[in-house]
Amino acid sequence: MQRYFIEQDQFDGQTVTIQGDDARHITKVMRGKAGDKLIVSDGVSREAMVQITHIEASEVQAEVVEWLPMDHEPRVSVTIAQSLPKGDKMELVIQKCTEIGAVSFIPFLSERTIVQYDAKKEGKRLERWRKIAKEAAEQSHRNRIPAVYESRSWKELLASFDSYDLVCYCYEKEDGLQLRDVIKPLAAGLSADESASVLVVVGPEGGFTTGEVQAAETAGARSVGLGKRILRAETAGMVALTCILYETDEMGGM
């Protein structure tokens, strides 16, 4: 069933009004008509199956048929901090990690980042990334749209480490501690109704410098490996996220 995220004020009791691009998608792409059912969510506290009662090119009205539980989000909130990769690879990271279950994304600049940061293009690029996150969240039946933050410097990223229960950075030279070694103790310490926040930091194509590794350790991050194979920058976050959710029983783990 098709799914759409709407603003909170588009819910009015048992009535829902869908506007803008979503309304046009329903009318033009999905060729919706009165009587059709779909799912809408405000991404915060309300989600419902609704039935279309009135449809126009730029506005769709519907009535709530059934309120749905918002239980598709992992209890361990994983944020992916990704050093800006080349080309459109950040789009791939956001799309796939949204499908898997990331709650937010932090693009950042590190010493070996190849991409030339352009502040003038940041707004447009950020808008596109957020649209990708929204569409991926709808496709994968997420209850919330992951946040995509503005690009940060390495120093700014380090300053945010204290706001997470666990920070780990993927390091291709790590030959001892594996990701599961730091996730299992975290998972074991959580009761059924507790949650935790994890930041996964992924470096650029050229990897972290020695200075960055030392700075991350000083700031409280744990260095982890992801197996014996070297992963591409755009792949590491997906693998780390999947491993974390598996170990915390979000994918049949434990």
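Two strands count as paired here when DSSP finds at least two bridges between them. That is the one idea to keep in mind for the first views, all taken from a predicted model.

**View 1. An open sheet of six strands.** Reading across the sheet, the order is E1-E4-E5-E6-E3-E2, and the pairing is mixed. Strand E1 (3-5) and E2 sit at the edges with a single partner strand each, so one side of each has no neighbour in the sheet. In a regular strand, side chains alternate between the two faces of the sheet.

**View 2. The hairpin of E2 and E3.** Strand E2 (residues 11-12) and strand E3 (residues 15-19) pair up antiparallel, over two bridges. Look for Phe-11: its bridge partner in E3 is Val-16. There are two residues between the strands, and Gly-13 in this hairpin takes a positive phi near 65 degrees.

**View 3. E3 next to E6.** Here E3 meets strand E6 (residues 59-67); the two run antiparallel and are joined by five bridges. Which residue in E6 does Thr-15 stand opposite? Thr-15 faces Glu-63. Further along, Ile-18 has Val-60 as its bridge partner in E6.

**View 4. Helix H1 lying across the strands.** Helix H1 (residues 20-29) lies across E1, E3, strand E4 (37-41), strand E5 (47-55) and E6. How is H1 angled to E3? H1 runs at about 90 degrees to E3.

View 5. The structure holds five aromatic pairs. One of them is Tyr-169 with Phe-208, an edge-to-face pair with 5.9 Å centre to centre and 90 degrees between the planes. This pair ties together distant parts of the chain, 39 residues apart: Tyr-169 belongs to strand E11 (residues 166-170), while Phe-208 is in the loop between strand E12 (196-202) and helix H6 (210-218). Tyr-169 has a relative accessible area of 2%, so Tyr-169 is buried. Phe-208, at 4% relative accessibility, counts as buried too.

**View 6. The aromatic cluster.** Step back from that pair and you'll find that ring pairs link Phe-108, Trp-154, Tyr-169, Tyr-171 and Phe-208 into a cluster.

**View 7. A charge over a ring.** Last stop: Arg-152 and Tyr-149. The charged end of Arg-152 sits over the ring of Tyr-149, 5.4 Å from the ring's centre.

Definitions and conventions: Residues are numbered from 1 along each chain as its sequence is written. This is a predicted model: local features need pLDDT of at least 70, side-chain atom pairs count only at pLDDT 80 or more; totals for chains, interfaces and linings use all residues. Side-chain values use heavy atoms; hydrogens and water are left out. Rings of Phe, Tyr and Trp (its six-membered ring) pair if their centres lie within 6.5 Å; planes under 30 degrees apart count as stacked, over 60 as edge-to-face and the rest as tilted. Helices (H or I, at least four residues) and strands (E, at least two) are DSSP runs, numbered from the N terminus. Buried means under 20% relative accessible area, exposed over 50%, partly exposed in between (1.4 Å probe, protein chains only). A charge sits over a ring if NZ of Lys or CZ of Arg is within 6 Å of the ring centre and within 35 degrees of the ring normal. Contact means heavy atoms within 4.5 Å. Axes are lines fitted to C-alpha atoms, for helices over the stretch in contact, and angles run from 0 to 180 degrees between N-to-C directions.
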